Number of protein chains: 2
Amino acid sequence: MISSFPPDSVGLVTPRMLRFDEPLPLDCGRTLPGFELIYETYGALNADRSNAILICHALSGDHHAAGYHQADDSKPGWWDTSIGPGKPIDTRHFFVVCCNNLGGCNGSTGPVSINPDTGKPYGPDFPIVTVKDWVRSQARLADHLGITDWAAVIGGSLGGMQAMQWTIDFPDRIRHAVVIAAAPRLSTQNIAFNEVARQAILSDPDFHEGHYYERGVIPRRGLMVARMLGHITYLSDEGMRTKFGRELREGKLNFHFESEFEIESYLRYQGHSFVGRFDANTYLLMTKALDYFDPAADFDNDLAAAFRQAQARCLIISFTSDWRFSSARSREIVKALVAAKRDVSYAEIPSTQGHDAFLMPIPRYFETFTAYMQRVAGEVSHDAILAKT
Amino acid sequence: MISSFPPDSVGLVTPRMLRFDEPLPLDCGRTLPGFELIYETYGALNADRSNAILICHALSGDHHAAGYHQADDSKPGWWDTSIGPGKPIDTRHFFVVCCNNLGGCNGSTGPVSINPDTGKPYGPDFPIVTVKDWVRSQARLADHLGITDWAAVIGGSLGGMQAMQWTIDFPDRIRHAVVIAAAPRLSTQNIAFNEVARQAILSDPDFHEGHYYERGVIPRRGLMVARMLGHITYLSDEGMRTKFGRELREGKLNFHFESEFEIESYLRYQGHSFVGRFDANTYLLMTKALDYFDPAADFDNDLAAAFRQAQARCLIISFTSDWRFSSARSREIVKALVAAKRDVSYAEIPSTQGHDAFLMPIPRYFETFTAYMQRVAGEVSHDAILAKT
């Protein structure tokens, strides 16, 4: 049979669900009595289980990072540009794992899941989870897969924050961290944008204090506004100008409140399509995880002290046009790693794509990323690859 | 009687209402059969009526630019820092006029006004007005006051755009333009932010397609989100960090969705207080006036060609931390003025206050502003000051 997928694709993939019955203590003080994680894997685990890579997703991501669920899928997983044979995260060398985070809405336990105590969806009663909670749950997944240490933990944006947290919380279980387009903690402005997005959702009359599932409605207006706002922060000023400029959909001003400029139409489309595929309670949780992320806080606000716990070698990548998490923020991470005498490489990639650049196959970015990952691959055994677990 | 106002205040002021019965043609193609403008004046008009200054307000401003309406007002007009005896716009030399723009909600004809055709508030049927429409209506006001030409037209942000438009549309009626923290037209990103704000309002179930007055409700949730978002663009990243940082209201994370960070509390407060004093239909109109402003559009997208119509001498001022209308945007204005061989002065003021800096008495800003206005004052007669009109 001839595959219809590109030769550098991981091809058809099937998510797996894993149930954890041991209670998981959370930063908020509550405990999840048990939980499920949905995850995918690409490539094969080698005999000494040394070639495993964990991919951590960002705000609206999930476990479907690469490949296709069905032969006729219109598009592949969210980071398919980076994962596959011959790609930066080369599945000929690595066994790649990606799970949907706790609190998510794509299969892992989250607000849409049934709360065993009530028999109804958790909704707003799902605990506010943190990056540290996610890392703790991902360690459970590693245990299950028999992975004592990751060759690398890799992520962009909020995913990069998880990679950083891994280096601090499980220093002997991560050999490399690749932290892309991230920040050591949110700026005041970052929190401000999150708060406006949350207010849009929380104030939507269809939100019903988070109990909208029972009402058969969703806070679509609030979620749409939140997503539209998010998109402004994902793109750069220059990128928007190049792509949309002040182009008018009908070539003239119409003096009404329908979409007139192309950028309005783009944002509305993005907002609308998001509403159909993402849960508002999960969106709220993800923004909180971002706001709360602050690894230095446990170390007297000294990020270098936090990284002194770490052993992993790190690659930090930023993009010049990213104003959500600017290069200056990545340099804060680099400086702290240097001060902690850690092994760190840093690349600042010229780009016009803003924060979204981390998802795009920008040549200089991918050259850097690939070279680094080849170094990681050189350290792992390529013999006796096991069958996919 | 001893005044309780500061010695550099214009003191108690009383707005005046003026009715114009001659129809006003608008850019949208419609005509207002008649309209009212509410305005205030400070200082006295001199005998040859050469010392008149027009102040143009920004998105949420109004005619009350300086002084107090009542002895116990908690705060003065919105630009009281700049207008008064001894201030940059010195009322010992100038006769200062400020009106609420058409479409506004503070007294001039706008969506809350009664539509003579229906006997009900215009609401969403109020025409979308432009900066050019405003300038046209302000010229009518000048006619009424017997002012053939303004010594200067001055404004910040959207107000600066009106000052620019004055130089092009009425070149022989404006001797100086002071354009502060403005842009020659909105960037794609600027339009995008406006569109998110509009969507928040338009999608609020209490908006009722703009007919909320009749329902006895207001789209407070949408307007609040719009204003919160606006505030992020008025402040700088650095200013927010300095003022609010990541300070927590209760000194610890509470793992809930109430305000936790000080910045959240600030934004919610700003949003709430705005809802009580501003009309949502007017907010929509103001954002459209911003989006549509593009004086170069009538001149084959050549701003210099637009300014070749102008005769006014110009002072352009920008602020380093303003990311809503950055210094680069002001330099576009300056370059076009230079290319048009106009007399232009430009000052880029170091500041951390973002776009809001134009409202603040920053020493270097006020020195520049004052020196320029003294030059303007030197050109007008100081004899035979008339009584206030």
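## Polar contacts and salt bridges between the chains

Between chain B and chain A there are 18 residue pairs in polar contact, both residues at pLDDT 80 or more; a polar contact is a pair of N or O atoms within 3.5 Å, where within protein one must be able to donate a hydrogen and the other to accept it, and residues adjacent in sequence count only if both atoms are side-chain atoms. This is a predicted model, in which local features need pLDDT of at least 70, side-chain atom pairs count only at pLDDT 80 or more, and totals for chains, interfaces and linings use all residues. Residues are numbered from 1 along each chain as its sequence is written, and side-chain values use heavy atoms, with hydrogens and water left out.

The two chains are also joined by 8 salt bridges (a side-chain nitrogen of Lys or Arg within 4 Å of a carboxyl oxygen of Asp or Glu). A:Arg246 forms a salt bridge with B:Asp294, with 3.8 Å between the closest N and O atoms.

## Extent of the interface

Chain B and chain A each contribute 52 residues to the contact (heavy atoms within 4.5 Å). About 4600 Å² is buried between them, 70% of it on carbon and sulfur atoms; buried area is the accessible area (1.4 Å probe) that two parts lose on being put together, summed over both. B:Arg246, B:Phe255 and B:Phe257 supply 18% of the area that chain B buries against chain A, more than any other three residues.

## Surroundings of B:Ile154

Beyond its neighbours within four places in sequence, B:Ile154 is in contact with residues including B:Ile53, B:Trp79, B:Ile180 and B:Phe369.

Note on methods
Chains are lettered from A and ligands numbered from 1 in the order in which they are written.
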